[in-house]
Amino acid sequence: MTGAPAVLAHGVGGRQDLPITLPQLVIAAALALVVTFLALGLLWREPRLDRDATGGRPVPQRLARLVDAPTFRWALRGVGLLAAGWFCLGLLAGPDTPDNPTAGALYVLLWVGLVPVSLVLGPVWRTVNPLRTVHLLAALAARRDPASGVRELPAGLGLWPAAVTLFGFVWLELVAPERATLPVITAWLAGYAVVMLAGAALFGAGWFDRADPFEVYSGLVGQLAPVGRAADGVLVWRNPLDGIAGLRPRPGLVAVVVVLLGSTMFDSLSNAPAWLRFSQENGLPAAVTGSVGLILVIAAVAAAYLAATVAAARIGQPGAASVDGAGSVDGAGSGRGVPGELVHSIVPIAAGYLVAHYYSLLILEGQRTVALLSDPLDTGANWLGTADWQPYTGLVTPSGVASLQITVIILGHLLGTLLAHDRALYLFPRARAVAGQLPLLALMVAYTVAGLLLLYAG
(Lines give C-alpha, C1' and ligand atoms only; values in the text may rest on other atoms or scores of the structure.)
Protein backbone atom coordinates (compact mmCIF):
# COMPACT_ATOMS: atom_id res chain seq x y z
CA MET A 1 0.00 0.00 0.00
CA THR A 2 1.40 3.39 -0.97
CA GLY A 3 -0.26 5.56 1.63
CA ALA A 4 -2.17 5.66 4.83
CA PRO A 5 -5.92 5.39 4.43
CA ALA A 6 -8.31 8.21 5.03
CA VAL A 7 -9.48 8.40 8.62
CA LEU A 8 -12.90 7.11 9.66
CA ALA A 9 -16.10 8.68 8.47
CA HIS A 10 -16.92 11.65 10.65
CA GLY A 11 -20.49 10.74 11.53
CA VAL A 12 -22.12 7.62 12.91
CA GLY A 13 -25.68 8.79 13.33
CA GLY A 14 -28.12 9.19 10.47
CA ARG A 15 -31.72 9.98 9.64
CA GLN A 16 -32.94 6.60 10.84
CA ASP A 17 -31.43 7.28 14.27
CA LEU A 18 -33.22 10.60 14.88
CA PRO A 19 -35.85 10.63 17.64
CA ILE A 20 -38.16 12.51 15.22
CA THR A 21 -38.25 12.88 11.45
CA LEU A 22 -35.78 15.28 9.84
CA PRO A 23 -38.48 17.78 8.73
CA GLN A 24 -39.91 17.77 12.25
CA LEU A 25 -36.44 18.34 13.67
CA VAL A 26 -35.74 21.28 11.37
CA ILE A 27 -39.08 22.91 12.19
CA ALA A 28 -38.63 22.33 15.93
CA ALA A 29 -35.13 23.83 15.86
CA ALA A 30 -36.31 26.90 13.95
CA LEU A 31 -39.21 27.37 16.36
CA ALA A 32 -36.85 27.06 19.33
CA LEU A 33 -34.80 29.94 17.98
CA VAL A 34 -37.87 32.09 17.33
CA VAL A 35 -39.28 31.42 20.81
CA THR A 36 -35.89 32.19 22.38
CA PHE A 37 -35.70 35.44 20.41
CA LEU A 38 -39.18 36.50 21.60
CA ALA A 39 -38.39 35.60 25.20
CA LEU A 40 -35.14 37.55 25.12
CA GLY A 41 -36.93 40.56 23.68
CA LEU A 42 -39.38 40.53 26.59
CA LEU A 43 -37.11 39.54 29.47
CA TRP A 44 -33.57 40.67 28.55
CA ARG A 45 -33.79 44.44 28.08
CA GLU A 46 -30.33 45.60 29.19
CA PRO A 47 -26.83 44.35 28.27
CA ARG A 48 -25.74 41.87 30.93
CA LEU A 49 -22.62 40.20 29.59
CA ASP A 50 -19.14 41.42 30.44
CA ARG A 51 -17.83 42.56 27.07
CA ASP A 52 -14.76 44.11 28.73
CA ALA A 53 -13.70 40.81 30.37
CA THR A 54 -13.29 42.43 33.79
CA GLY A 55 -15.40 40.00 35.82
CA GLY A 56 -15.01 36.52 37.19
CA ARG A 57 -14.13 34.91 40.50
CA PRO A 58 -10.41 34.42 41.15
CA VAL A 59 -9.36 30.78 41.24
CA PRO A 60 -7.77 29.47 44.45
CA GLN A 61 -4.36 31.03 45.01
CA ARG A 62 -2.57 27.69 44.96
CA LEU A 63 -3.94 26.92 41.52
CA ALA A 64 -3.15 30.41 40.27
CA ARG A 65 0.44 30.20 41.56
CA LEU A 66 0.89 26.80 39.92
CA VAL A 67 -0.45 27.88 36.53
CA ASP A 68 1.56 31.11 36.53
CA ALA A 69 4.78 29.56 37.80
CA PRO A 70 7.63 29.71 35.23
CA THR A 71 8.52 26.09 36.05
CA PHE A 72 5.03 24.89 35.17
CA ARG A 73 5.01 26.87 31.93
CA TRP A 74 8.37 25.46 30.90
CA ALA A 75 7.13 21.98 31.75
CA LEU A 76 4.20 22.46 29.38
CA ARG A 77 6.53 23.75 26.69
CA GLY A 78 8.68 20.68 27.22
CA VAL A 79 5.65 18.42 26.83
CA GLY A 80 4.83 20.17 23.57
CA LEU A 81 8.37 19.66 22.27
CA LEU A 82 8.42 16.00 23.30
CA ALA A 83 5.04 15.37 21.66
CA ALA A 84 6.22 17.09 18.48
CA GLY A 85 9.41 15.02 18.46
CA TRP A 86 7.47 11.79 18.93
CA PHE A 87 5.11 12.82 16.14
CA CYS A 88 8.08 13.50 13.85
CA LEU A 89 9.37 9.95 14.39
CA GLY A 90 6.35 8.58 12.59
CA LEU A 91 6.28 11.43 10.09
CA LEU A 92 9.92 11.18 8.99
CA ALA A 93 10.93 7.60 9.76
CA GLY A 94 7.71 5.61 10.04
CA PRO A 95 6.25 3.41 7.31
CA ASP A 96 3.66 4.89 4.95
CA THR A 97 1.07 2.29 5.92
CA PRO A 98 -2.25 2.20 7.80
CA ASP A 99 -0.31 1.56 11.02
CA ASN A 100 1.39 4.97 10.92
CA PRO A 101 -0.27 7.31 13.46
CA THR A 102 0.74 10.55 11.71
CA ALA A 103 -2.53 11.32 9.93
CA GLY A 104 -4.59 10.50 13.01
CA ALA A 105 -2.35 12.58 15.27
CA LEU A 106 -2.65 15.63 13.01
CA TYR A 107 -6.26 15.47 11.86
CA VAL A 108 -7.85 13.89 14.93
CA LEU A 109 -5.84 14.39 18.11
CA LEU A 110 -4.62 17.90 17.25
CA TRP A 111 -7.28 19.44 15.01
CA VAL A 112 -10.37 17.82 16.53
CA GLY A 113 -9.00 17.26 20.02
CA LEU A 114 -8.21 20.95 20.44
CA VAL A 115 -11.95 21.70 20.55
CA PRO A 116 -12.92 19.90 23.79
CA VAL A 117 -9.59 20.70 25.46
CA SER A 118 -9.90 24.42 24.64
CA LEU A 119 -13.57 24.47 25.67
CA VAL A 120 -12.52 23.25 29.13
CA LEU A 121 -9.06 24.78 29.68
CA GLY A 122 -8.92 27.78 27.34
CA PRO A 123 -6.33 28.55 24.64
CA VAL A 124 -3.92 25.76 25.55
CA TRP A 125 -2.11 25.57 22.21
CA ARG A 126 -0.45 28.93 22.83
CA THR A 127 1.43 27.41 25.77
CA VAL A 128 2.41 24.06 24.25
CA ASN A 129 2.96 25.19 20.65
CA PRO A 130 6.34 23.64 19.79
CA LEU A 131 7.16 26.22 17.12
CA ARG A 132 6.61 29.06 19.59
CA THR A 133 8.93 27.25 22.00
CA VAL A 134 11.58 26.78 19.30
CA HIS A 135 11.43 30.50 18.54
CA LEU A 136 11.64 31.34 22.24
CA LEU A 137 14.69 29.13 22.73
CA ALA A 138 16.39 30.60 19.67
CA ALA A 139 15.72 34.13 20.92
CA LEU A 140 17.09 33.30 24.37
CA ALA A 141 20.19 31.72 22.83
CA ALA A 142 20.73 34.88 20.75
CA ARG A 143 20.01 37.06 23.81
CA ARG A 144 17.16 38.79 22.04
CA ASP A 145 13.70 39.70 23.24
CA PRO A 146 11.38 37.09 21.66
CA ALA A 147 8.65 39.72 21.36
CA SER A 148 10.88 41.89 19.16
CA GLY A 149 11.50 41.31 15.49
CA VAL A 150 13.30 42.97 12.67
CA ARG A 151 10.13 44.82 11.72
CA GLU A 152 6.91 45.88 13.40
CA LEU A 153 3.73 44.02 12.63
CA PRO A 154 1.49 46.20 10.42
CA ALA A 155 -1.22 47.76 12.57
CA GLY A 156 -4.06 46.70 10.28
CA LEU A 157 -2.87 43.13 9.73
CA GLY A 158 -5.02 41.67 12.46
CA LEU A 159 -5.89 38.01 12.02
CA TRP A 160 -5.78 37.98 8.23
CA PRO A 161 -2.66 35.76 8.18
CA ALA A 162 -4.48 33.24 10.40
CA ALA A 163 -7.48 33.29 8.07
CA VAL A 164 -5.15 32.35 5.19
CA THR A 165 -3.26 29.62 7.07
CA LEU A 166 -6.49 28.26 8.51
CA PHE A 167 -7.94 27.98 5.03
CA GLY A 168 -4.72 26.24 3.99
CA PHE A 169 -5.17 23.63 6.70
CA VAL A 170 -8.85 22.92 6.05
CA TRP A 171 -8.03 22.63 2.35
CA LEU A 172 -5.37 20.06 3.26
CA GLU A 173 -7.78 18.17 5.54
CA LEU A 174 -10.79 18.17 3.22
CA VAL A 175 -9.57 18.54 -0.36
CA ALA A 176 -5.88 17.83 -0.95
CA PRO A 177 -5.14 14.67 -2.98
CA GLU A 178 -3.55 11.88 -0.91
CA ARG A 179 -3.94 14.04 2.17
CA ALA A 180 -3.45 11.13 4.58
CA THR A 181 -0.08 10.14 3.10
CA LEU A 182 3.25 11.06 4.64
CA PRO A 183 4.69 13.06 1.70
CA VAL A 184 1.64 15.35 1.55
CA ILE A 185 1.50 15.86 5.31
CA THR A 186 5.25 16.44 5.46
CA ALA A 187 5.14 19.04 2.68
CA TRP A 188 2.30 20.97 4.34
CA LEU A 189 3.88 20.90 7.79
CA ALA A 190 7.25 21.98 6.40
CA GLY A 191 5.62 24.98 4.73
CA TYR A 192 3.69 25.76 7.90
CA ALA A 193 6.85 25.63 10.03
CA VAL A 194 8.77 27.86 7.61
CA VAL A 195 5.99 30.46 7.52
CA MET A 196 5.61 30.49 11.30
CA LEU A 197 9.31 30.61 12.19
CA ALA A 198 10.24 33.06 9.45
CA GLY A 199 7.37 35.32 10.44
CA ALA A 200 8.37 35.14 14.10
CA ALA A 201 11.98 36.00 13.22
CA LEU A 202 10.76 38.97 11.20
CA PHE A 203 7.96 40.26 13.43
CA GLY A 204 8.56 38.69 16.82
CA ALA A 205 6.49 36.21 18.84
CA GLY A 206 3.34 38.23 18.19
CA TRP A 207 3.33 36.64 14.74
CA PHE A 208 2.04 33.40 16.25
CA ASP A 209 -0.95 35.26 17.73
CA ARG A 210 -1.80 36.60 14.28
CA ALA A 211 -0.85 33.75 11.94
CA ASP A 212 -0.77 30.34 13.62
CA PRO A 213 -4.02 28.60 12.64
CA PHE A 214 -3.98 26.25 15.63
CA GLU A 215 -3.32 29.04 18.14
CA VAL A 216 -6.06 31.25 16.75
CA TYR A 217 -8.46 28.28 16.47
CA SER A 218 -7.78 27.21 20.06
CA GLY A 219 -8.01 30.82 21.23
CA LEU A 220 -11.43 31.36 19.66
CA VAL A 221 -12.92 28.19 21.10
CA GLY A 222 -11.14 28.86 24.39
CA GLN A 223 -13.14 32.07 24.83
CA LEU A 224 -16.00 29.75 25.81
CA ALA A 225 -13.98 28.07 28.58
CA PRO A 226 -15.12 28.46 32.20
CA VAL A 227 -11.62 29.60 33.15
CA GLY A 228 -9.83 32.62 31.73
CA ARG A 229 -7.96 35.81 32.42
CA ALA A 230 -9.53 39.00 33.69
CA ALA A 231 -8.45 42.31 32.21
CA ASP A 232 -5.69 42.58 34.83
CA GLY A 233 -4.34 39.10 33.98
CA VAL A 234 -5.74 37.37 37.06
CA LEU A 235 -6.85 33.76 36.47
CA VAL A 236 -10.60 33.56 37.15
CA TRP A 237 -13.60 31.27 36.97
CA ARG A 238 -16.08 32.98 34.70
CA ASN A 239 -19.37 32.65 32.92
CA PRO A 240 -18.40 31.22 29.49
CA LEU A 241 -20.75 33.72 27.85
CA ASP A 242 -18.79 36.54 29.48
CA GLY A 243 -15.65 34.99 28.06
CA ILE A 244 -16.90 34.95 24.48
CA ALA A 245 -18.54 38.37 24.91
CA GLY A 246 -15.04 39.70 25.62
CA LEU A 247 -13.85 38.73 22.13
CA ARG A 248 -12.87 42.07 20.64
CA PRO A 249 -13.27 42.97 16.94
CA ARG A 250 -10.04 42.77 14.93
CA PRO A 251 -9.29 42.86 11.22
CA GLY A 252 -9.61 39.35 9.83
CA LEU A 253 -11.59 37.98 12.80
CA VAL A 254 -14.76 37.61 10.73
CA ALA A 255 -12.80 35.77 8.04
CA VAL A 256 -11.35 33.30 10.59
CA VAL A 257 -14.76 32.46 12.08
CA VAL A 258 -16.36 32.15 8.65
CA VAL A 259 -13.62 29.76 7.47
CA LEU A 260 -14.18 27.60 10.57
CA LEU A 261 -17.94 27.42 10.12
CA GLY A 262 -17.91 27.17 6.33
CA SER A 263 -15.28 24.43 6.20
CA THR A 264 -17.23 22.27 8.65
CA MET A 265 -20.40 22.75 6.59
CA PHE A 266 -18.49 21.78 3.46
CA ASP A 267 -17.22 18.65 5.21
CA SER A 268 -20.84 17.62 5.81
CA LEU A 269 -21.75 18.47 2.22
CA SER A 270 -18.81 16.49 0.80
CA ASN A 271 -20.11 13.32 2.48
CA ALA A 272 -23.59 13.64 0.97
CA PRO A 273 -24.44 11.15 -1.82
CA ALA A 274 -25.48 13.93 -4.21
CA TRP A 275 -22.11 15.67 -3.85
CA LEU A 276 -20.21 12.41 -4.20
CA ARG A 277 -22.06 11.64 -7.45
CA PHE A 278 -21.43 15.14 -8.76
CA SER A 279 -17.73 14.92 -7.91
CA GLN A 280 -17.38 11.60 -9.71
CA GLU A 281 -19.39 12.51 -12.80
CA ASN A 282 -18.43 16.10 -13.64
CA GLY A 283 -15.19 15.12 -15.37
CA LEU A 284 -12.99 17.45 -13.30
CA PRO A 285 -10.22 16.32 -10.94
CA ALA A 286 -11.57 15.75 -7.45
CA ALA A 287 -9.20 18.37 -6.04
CA VAL A 288 -10.59 21.03 -8.41
CA THR A 289 -14.19 20.19 -7.57
CA GLY A 290 -13.43 20.08 -3.86
CA SER A 291 -11.51 23.36 -3.91
CA VAL A 292 -14.30 25.18 -5.73
CA GLY A 293 -16.91 23.64 -3.44
CA LEU A 294 -14.99 24.60 -0.30
CA ILE A 295 -14.55 28.19 -1.49
CA LEU A 296 -18.20 28.51 -2.51
CA VAL A 297 -19.53 27.19 0.80
CA ILE A 298 -17.27 29.50 2.80
CA ALA A 299 -18.28 32.39 0.53
CA ALA A 300 -21.97 31.58 1.05
CA VAL A 301 -21.53 31.53 4.83
CA ALA A 302 -19.66 34.86 4.64
CA ALA A 303 -22.23 36.47 2.34
CA ALA A 304 -25.10 35.43 4.58
CA TYR A 305 -23.33 36.75 7.68
CA LEU A 306 -22.35 40.08 6.14
CA ALA A 307 -25.80 40.58 4.62
CA ALA A 308 -27.48 39.93 7.97
CA THR A 309 -25.16 42.17 9.98
CA VAL A 310 -25.30 45.03 7.47
CA ALA A 311 -29.10 44.77 7.48
CA ALA A 312 -29.04 44.77 11.29
CA ALA A 313 -26.93 47.94 11.24
CA ARG A 314 -29.33 49.64 8.83
CA ILE A 315 -32.38 48.76 10.91
CA GLY A 316 -30.89 49.13 14.38
CA GLN A 317 -28.75 52.18 13.71
CA PRO A 318 -30.15 54.44 10.98
CA GLY A 319 -27.37 55.89 8.87
CA ALA A 320 -25.00 52.94 9.36
CA ALA A 321 -25.15 52.15 5.69
CA SER A 322 -21.89 50.63 4.54
CA VAL A 323 -19.19 48.23 5.57
CA ASP A 324 -15.59 49.06 4.79
CA GLY A 325 -12.77 46.63 4.08
CA ALA A 326 -11.87 46.28 7.75
CA GLY A 327 -15.39 45.26 8.67
CA SER A 328 -16.36 48.54 10.29
CA VAL A 329 -19.60 50.35 9.71
CA ASP A 330 -19.55 53.87 8.38
CA GLY A 331 -22.47 56.22 8.86
CA ALA A 332 -24.03 58.72 11.15
CA GLY A 333 -24.15 57.67 14.75
CA SER A 334 -22.01 54.55 14.33
CA GLY A 335 -18.28 54.33 14.63
CA ARG A 336 -18.29 50.61 15.38
CA GLY A 337 -17.98 47.64 13.07
CA VAL A 338 -21.22 45.71 13.39
CA PRO A 339 -19.92 42.57 11.61
CA GLY A 340 -16.88 42.50 13.89
CA GLU A 341 -18.93 43.28 16.98
CA LEU A 342 -21.39 40.45 16.33
CA VAL A 343 -19.03 37.75 15.08
CA HIS A 344 -18.57 36.41 18.62
CA SER A 345 -22.14 35.10 18.34
CA ILE A 346 -21.04 32.75 15.54
CA VAL A 347 -18.28 31.11 17.61
CA PRO A 348 -20.61 28.85 19.69
CA ILE A 349 -22.36 27.89 16.45
CA ALA A 350 -19.04 26.88 14.88
CA ALA A 351 -18.05 25.02 18.07
CA GLY A 352 -21.38 23.19 18.04
CA TYR A 353 -20.87 22.08 14.45
CA LEU A 354 -17.32 20.95 15.19
CA VAL A 355 -18.44 18.83 18.15
CA ALA A 356 -21.43 17.42 16.27
CA HIS A 357 -19.51 16.59 13.13
CA TYR A 358 -16.31 15.20 14.63
CA TYR A 359 -17.42 13.59 17.90
CA SER A 360 -17.45 10.00 16.65
CA LEU A 361 -14.21 10.57 14.74
CA LEU A 362 -12.46 11.78 17.89
CA ILE A 363 -13.72 8.92 20.05
CA LEU A 364 -13.06 6.05 17.63
CA GLU A 365 -10.11 7.17 15.53
CA GLY A 366 -8.61 9.04 18.49
CA GLN A 367 -8.33 5.80 20.48
CA ARG A 368 -6.84 3.98 17.51
CA THR A 369 -4.29 6.76 17.00
CA VAL A 370 -3.24 6.70 20.67
CA ALA A 371 -2.67 2.95 20.37
CA LEU A 372 -0.55 3.41 17.22
CA LEU A 373 1.48 6.23 18.81
CA SER A 374 2.99 3.66 21.17
CA ASP A 375 5.12 2.48 18.23
CA PRO A 376 5.31 5.14 15.49
CA LEU A 377 8.06 3.24 13.68
CA ASP A 378 5.99 0.00 13.61
CA THR A 379 8.78 -2.12 15.07
CA GLY A 380 6.57 -4.18 17.35
CA ALA A 381 7.55 -2.19 20.46
CA ASN A 382 5.13 -0.74 23.00
CA TRP A 383 6.90 2.40 24.22
CA LEU A 384 3.85 4.16 25.66
CA GLY A 385 2.05 1.05 26.85
CA THR A 386 -0.98 1.74 24.65
CA ALA A 387 -0.30 -0.60 21.74
CA ASP A 388 -2.83 -3.16 22.93
CA TRP A 389 -5.68 -0.68 23.34
CA GLN A 390 -8.89 -1.69 21.66
CA PRO A 391 -11.27 1.20 20.82
CA TYR A 392 -14.17 1.39 23.26
CA THR A 393 -17.33 1.92 21.22
CA GLY A 394 -19.81 2.31 24.05
CA LEU A 395 -19.72 6.12 23.69
CA VAL A 396 -20.53 5.97 19.97
CA THR A 397 -23.95 4.50 19.28
CA PRO A 398 -26.02 5.68 16.30
CA SER A 399 -28.88 6.98 18.42
CA GLY A 400 -26.55 8.52 20.98
CA VAL A 401 -24.48 10.32 18.35
CA ALA A 402 -27.61 11.58 16.59
CA SER A 403 -29.01 12.94 19.86
CA LEU A 404 -25.71 14.62 20.73
CA GLN A 405 -25.48 16.19 17.28
CA ILE A 406 -28.97 17.64 17.56
CA THR A 407 -28.30 18.95 21.06
CA VAL A 408 -25.00 20.71 20.41
CA ILE A 409 -26.09 22.23 17.09
CA ILE A 410 -29.29 23.69 18.55
CA LEU A 411 -27.52 24.74 21.77
CA GLY A 412 -24.84 26.53 19.75
CA HIS A 413 -27.47 28.49 17.85
CA LEU A 414 -29.42 29.33 20.99
CA LEU A 415 -26.25 30.68 22.61
CA GLY A 416 -25.49 32.59 19.42
CA THR A 417 -28.96 34.16 19.52
CA LEU A 418 -28.46 35.17 23.16
CA LEU A 419 -25.03 36.67 22.46
CA ALA A 420 -26.30 38.59 19.44
CA HIS A 421 -29.25 39.92 21.47
CA ASP A 422 -27.04 41.15 24.31
CA ARG A 423 -24.62 42.85 21.91
CA ALA A 424 -27.45 44.43 19.92
CA LEU A 425 -28.71 46.05 23.13
CA TYR A 426 -25.28 47.60 23.47
CA LEU A 427 -24.89 48.64 19.83
CA PHE A 428 -28.34 49.93 18.97
CA PRO A 429 -30.83 52.36 20.59
CA ARG A 430 -33.18 50.40 22.83
CA ALA A 431 -36.23 51.28 20.75
CA ARG A 432 -34.69 49.69 17.66
CA ALA A 433 -32.57 46.92 19.20
CA VAL A 434 -35.14 44.14 18.83
CA ALA A 435 -36.02 45.14 15.28
CA GLY A 436 -32.34 45.30 14.44
CA GLN A 437 -31.97 41.67 15.47
CA LEU A 438 -34.51 40.33 12.97
CA PRO A 439 -31.88 39.84 10.23
CA LEU A 440 -29.69 38.05 12.78
CA LEU A 441 -32.58 35.79 13.76
CA ALA A 442 -33.10 34.96 10.08
CA LEU A 443 -29.37 34.19 9.83
CA MET A 444 -29.46 31.87 12.85
CA VAL A 445 -32.48 30.03 11.46
CA ALA A 446 -30.81 29.70 8.05
CA TYR A 447 -27.58 28.38 9.57
CA THR A 448 -29.54 25.93 11.76
CA VAL A 449 -31.61 24.56 8.89
CA ALA A 450 -28.61 24.30 6.57
CA GLY A 451 -26.46 22.65 9.26
CA LEU A 452 -29.06 20.01 10.14
CA LEU A 453 -29.86 19.25 6.51
CA LEU A 454 -26.18 18.90 5.62
CA LEU A 455 -25.38 16.79 8.68
CA TYR A 456 -28.18 14.34 7.99
CA ALA A 457 -28.23 14.59 4.20
CA GLY A 458 -26.74 11.13 3.86
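Asp 388 sits in the loop between helix 17 (347–372) and helix 18 (398–427); helices here are DSSP runs of H or I with at least four residues, strands are runs of E with at least two, and both are numbered from the N terminus. With 65% relative accessibility, Asp 388 counts as exposed. The cut-offs behind such labels are under 20% relative accessible area for buried, over 50% for exposed, and partly exposed in between, using a 1.4 Å probe and protein chains only. Between Asp 388 and Arg 368 there are 20 residues in sequence and 9.8 Å in space, C-alpha to C-alpha.

Before going on, a word on the model: it is predicted, local features need pLDDT of at least 70, side-chain atom pairs count only at pLDDT 80 or more, and totals for chains, interfaces and linings use all residues. Residues are numbered from 1 along each chain as its sequence is written, and side-chain values use heavy atoms, with hydrogens and water left out.

**Inside helix 17**

Glu 365 lies in helix 17, and at 6% relative accessibility this residue counts as buried. What does the side chain of Glu 365 make a polar contact with? The partner is the side chain of Arg 368, at 3.0 Å. A polar contact is a pair of N or O atoms within 3.5 Å; within protein, one must be able to donate a hydrogen and the other to accept it, and residues adjacent in sequence count only if both atoms are side-chain atoms.

Thr 369 is in helix 17 too. Thr 369 is buried, because its relative accessibility is 1%. Setting aside neighbours within four places in sequence, Thr 369 is in contact with Pro 101, Gly 104, Ala 105 and Leu 109, where contact means heavy atoms within 4.5 Å.

**Helix 7 and its two sides**

Helix 7 covers residues 130–141, and at 1.5 Å a residue its twelve residues should span 16 Å; the end C-alpha atoms are 16 Å apart, so the two agree. That expected span is 1.5 Å times one less than the number of residues. At the start of the helix, a side-chain oxygen of Asn 129 comes to within 3.1 Å of the backbone nitrogen of Leu 131. After the helix comes Arg 143, with a positive phi near 55°.

The buried residues of helix 7 are Pro 130, Leu 131, Arg 132, Thr 133, His 135, Leu 136 and Ala 139. They pack against several helices, among them helix 3 (70–93), helix 9 (182–203) and helix 11 (213–222).

Then there is the surface. Trp 74, Leu 81, Val 134, Leu 137 and Leu 140 form a nonpolar patch there, with about 400 Å² of accessible area together. Helix 3 and helix 7 are the elements giving two or more residues to it, and the largest share, three residues, comes from helix 7. Leu 137 belongs to helix 7 and is partly exposed, with a relative accessible area of 39%. For the record, patches are made of residues with over 30% relative accessible area and no salt bridge, joining like charges within 9 Å and nonpolar side chains (Val, Leu, Ile, Met, Phe, Trp, Tyr) within 5 Å. The accessible areas come from the Shrake-Rupley method with a 1.4 Å probe, and for residues only the protein chains shown count as cover.

**Salt bridges**

A salt bridge is a side-chain nitrogen of Lys or Arg within 4 Å of a carboxyl oxygen of Asp or Glu. How many are there by this rule? The count comes to ten salt bridges, including these:

| Pair | N to O distance |
|---|---|
| Arg 73 and Asp 68 | 3.7 Å |
| Arg 229 and Asp 68 | 2.6 Å |
| Arg 248 and Glu 341 | 3.8 Å |

Asp 68 shows up with Arg 73 and again with Arg 229. The pair with Arg 229 links distant parts of the chain: Arg 229 is in strand 2 (residues 227–229), Asp 68 is in helix 2 (residues 61–68), and they are 161 residues apart. Asp 68 is partly exposed at 36% relative accessibility, Arg 73 is partly exposed at 26%, and Arg 229 is partly exposed at 32%.

Arg 248 bonds to Glu 341 through a salt bridge. This pair also links distant parts of the chain, with Arg 248 in the loop between helix 12 (240–245) and helix 13 (253–270), Glu 341 in helix 16 (residues 338–342), and 93 residues separating them. Arg 248 is partly exposed, with a relative accessible area of 30%, whereas Glu 341 is buried at 3%. Salt bridges that share partners join Arg 51, Arg 248, Glu 341 and Arg 423 into one network.
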